[in-house]
Amino acid sequence: MDTLKVSEGIVPLSDFKARASNWLEKIAQTGEPIVITQNGRAAAVLLSPARFDTLTDRARFLQAVA
């Protein structure tokens, strides 16, 4: 997984709500996750469906190997 770019990848909830479609478009284009903050703390991480599938497939594989 790529390194999160702090200047671009951390978004306050109010900004996300105001520009949700823009953020979803950016995730679709870049595949980069976005951390959504609430009251200055990380509250959620938004991933593209493809990135989510990759992470869950990898977790299932590692669980099967273990």
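**Entry 1: A44.** I looked up A44 in this predicted model and found a relative accessible area of 35%. I recorded A44 as partly exposed, because that class lies between the cut-offs of 20% and 50%. A44 belongs to strand β3. Leaving aside residues up to four places away in sequence, I noted that A44 touches I34, V35 and I36. I also checked A44 against L13: the two are 31 residues apart in sequence, and their C-alpha atoms are 9.3 Å apart in space.

Entry 2: How many residues of β3 are buried? I found a count of zero among the six residues of this strand, residues 41-46, and noted that β3 is hardly covered.

**Entry 3: the partner strand.** I then followed the pairing of β3 with β2, which is antiparallel and runs over five bridges. In this pairing, T37 stands opposite A42 of β3. The hairpin of β2 and β3 has two residues between the strands, and there I noted that N39 takes a positive phi near 55°.

**Entry 4: the core.** Which residues make up the largest nonpolar core? I listed six residues: V11, F16, W23, I27, I34 and I36. Helix α3 (20-30) and strand β2 (34-38) each supply at least two residues of this core. As general background, I wrote that nonpolar side chains tend to be buried together in soluble globular proteins.

**Entry 5: I36.** Finally, I looked up the contacts of I36, again leaving aside residues up to four places away in sequence. I36 touches V11, L13 and F16, and also R41, A42, A43, A44 and L46. Of these, V11 and F16 are listed with I36 in the largest nonpolar core, while A44 lies in β3.

Technical notes:
Residues numbered from 1 in each chain as written. Predicted model: local features only at pLDDT ≥ 70, side-chain atom pairs only at ≥ 80, totals over all residues. Heavy atoms only, no water. Core = buried A, V, L, I, M, F, W, Y, C linked by side-chain atoms within 4.5 Å. Buried < 20%, exposed > 50% of the residue type's maximum accessible area, 1.4 Å probe, protein only. Helix = DSSP H or I, 4+ residues; strand = E, 2+ residues; numbered from the N terminus. Contact = heavy atoms within 4.5 Å. Pairing = 2+ DSSP bridges.
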